[in-house]
Amino acid sequence: MDGGSAGSAVARSKWGKVRVGSRWIAAVPPAIALGMVAAGALGVVGAALELVPEHPVVSGIAVALATVSPLVGLSWVLLVDRSTLEGAADRPEDSVEASWYEKAASGAFTDILLVTGLGCTALAFAPIEVEGLHTLMAVILVAFASFGVRYAVQRRKG
Amino acid sequence: MRNSLASLRAENGWSQQRLADELGVSRQTVISIEKGRFDPSLPLAFRIARLFGRRIEDIFVPDEE
């Protein structure tokens, strides 16, 4: 029943590490590299789509610059082994925070079903048109808000 | 579920952080278990029992008993 973890064998650091073959390296450099490559690819796509027809190259550069920071952050989140972060628990699945997360996620899922169901019913009768993009953004916001509030309530309860 | 984790920890002179490190969980987990607000998983209960050299039922008692 006792599982091992990378964090118990590898020295921990503030920004964590990533496993490459049998070696462990700092997670930040590959995250920056991957984020920049992904942003560059999006920039090429942006230029190819000619978002600003008069200046396709400039629009591509703008897309790359606008997305590089979040993509570097996302790359770090996807790459880093969480057990190599400073202060990480060796067995996070047994911690109370995992229980809070599970309850919050479960409740948020129910909330999303309820809100989207009521929304669909209301829109079926209301004489208004709603854009798909706005609807999806609203669903995401409801999900974030529901999860955040429910997690905070669980945390407050202890 | 009631438990005697706080007294066992005190007998050993351990802080909540020390016990959390020994068990591989967060300090908040130890706090929540001691207050009876969080029932540990079976693997964690076994680790707690092994750590203090007791049986699980010596440490954790269902509310109805």
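**Where the chains meet**

Guide: This is a predicted model. Start with a salt bridge: the side chains of B:Arg47 and A:Asp94 meet, N to O, at 3.0 Å.

Visitor: How many salt bridges are there between chain A and chain B?
Guide: The count is 1.

Visitor: And polar contacts? How many residue pairs across the interface?
Guide: The rule finds 8 residue pairs in polar contact between chain A and chain B, with both residues at pLDDT 80 or more.

Visitor: How much area do the two chains bury between them?
Guide: About 1100 Å², and 50% of it is on carbon and sulfur atoms. Interface size is often given that way, as the accessible area lost when the parts come together.

Visitor: New topic. What does UniProt place at residues 5–59 of chain B?
Guide: An unreviewed UniProt entry puts the feature "domain: HTH cro/C1-type" there.

Visitor: How much of that span is helix, and how much strand?
Guide: Residues 5–59 of chain B are 71% helix and 0% strand. The end C-alpha atoms of the span lie 7 Å apart.

Visitor: Back to chain A. What domains does the assignment give?
Guide: Domain 1 covers 9–87 and domain 2 covers 89–157. Their C-alpha centres lie 28 Å apart.

Technical notes: Residues are numbered from 1 along each chain as its sequence is written. Chains are lettered from A and ligands numbered from 1 in the order in which they are written. This is a predicted model: local features need pLDDT of at least 70, side-chain atom pairs count only at pLDDT 80 or more; totals for chains, interfaces and linings use all residues. Side-chain values use heavy atoms; hydrogens and water are left out. UniProt positions are given in the numbering used here, feature names are shortened, and annotations may be inferred rather than shown by experiment. Helices (H or I, at least four residues) and strands (E, at least two) are DSSP runs, numbered from the N terminus. Buried area is the accessible area (1.4 Å probe) that two parts lose on being put together, summed over both. A salt bridge is a side-chain nitrogen of Lys or Arg within 4 Å of a carboxyl oxygen of Asp or Glu. A polar contact is a pair of N or O atoms within 3.5 Å; within protein, one must be able to donate a hydrogen and the other to accept it, and residues adjacent in sequence count only if both atoms are side-chain atoms. Domain bounds come from an automatic or database domain assignment.
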